[in-house]
Amino acid sequence: MNTVTFQGNTLHLAGTMPGVGTKLQNFTLTAQDMSPRSLKDYAGNVLVLVCVPSLDTPVCDMEVRRFNKEAAALSSKVRIVAVSRDLPFAQARWCGAAGVTAVETLSDYRNGSFGRDYGIMLEELDLLARAIFVITPEGSLAYSQLVPEVTNEPDYAAVLEAIKKLL
């Protein structure tokens, strides 16, 4: 079983992360307006899933704000989506307060199936681990990053490099 740490304490991840080059399994997440969104909705675009435990925490807040800023310099063929288990209403409130408009938010609050299917569900907390998936326009995994310590930010440069390779 895969693990990460949170403030040095070991947490276990449910499921197995998909490997690079894998055709990804579809998911259903919930948008701010409570409508369903799936991997198929982003076909034809480079999709960046920025998975975070909760938008209402300092590191997650910094991370999504950073990707919101970076999105302005990327192609219109890149969609950046922050995924958390926060309720869609809380995601909408956070985006409004943070001025985040270039990053879409989706929630895995219903049953956590995305977190388990993609191998990033923190069993002890029932939240998502900090991870990033860069997905090709055809739906295959081009790059993934699991941040080993949940309280650390991801390697932004590596993510941006992976995105640019697909453009």
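View 1. The model is predicted: local features need pLDDT of at least 70, side-chain atom pairs count only at pLDDT 80 or more, and totals for chains, interfaces and linings use all residues. Residues are numbered from 1 along each chain as its sequence is written, and side-chain values use heavy atoms, without hydrogens and water. Helix α4 spans residues 156-165, and its buried residues (under 20%) are Y156, V159, L160, A162 and I163. These fall within an arc of 160 degrees down the helix axis, so they line one face of α4; the arc is taken from the directions from the axis to the C-beta atoms.

**View 2. Packing of α4.** The buried residues of α4 contact (heavy atoms within 4.5 Å) β5, α1, β6, β10 and β11.

**View 3. The network of R37, R79 and E104.** Salt bridges (side-chain nitrogen of Lys or Arg within 4 Å of a carboxyl oxygen of Asp or Glu) that share partners join R37, R79 and E104 into one network. E104 meets R37 at 3.4 Å, N to O; E104 lies in strand β7 and R37 in strand β4, 67 residues apart. The closest N and O atoms of R79 and E104 are 3.1 Å apart.

**View 4. The salt bridge of D126 and R85.** The side chains meet at 3.0 Å, N to O. D126 lies in the loop between β8 and β9 and R85 in the loop between β6 and α2, so the pair ties together parts 41 residues apart in sequence. R85 is buried, with a relative accessible area of 16%.

Methods
Buried means under 20% relative accessible area, exposed over 50%, partly exposed in between (1.4 Å probe, protein chains only). Helices (H or I, at least four residues) and strands (E, at least two) are DSSP runs, numbered from the N terminus.
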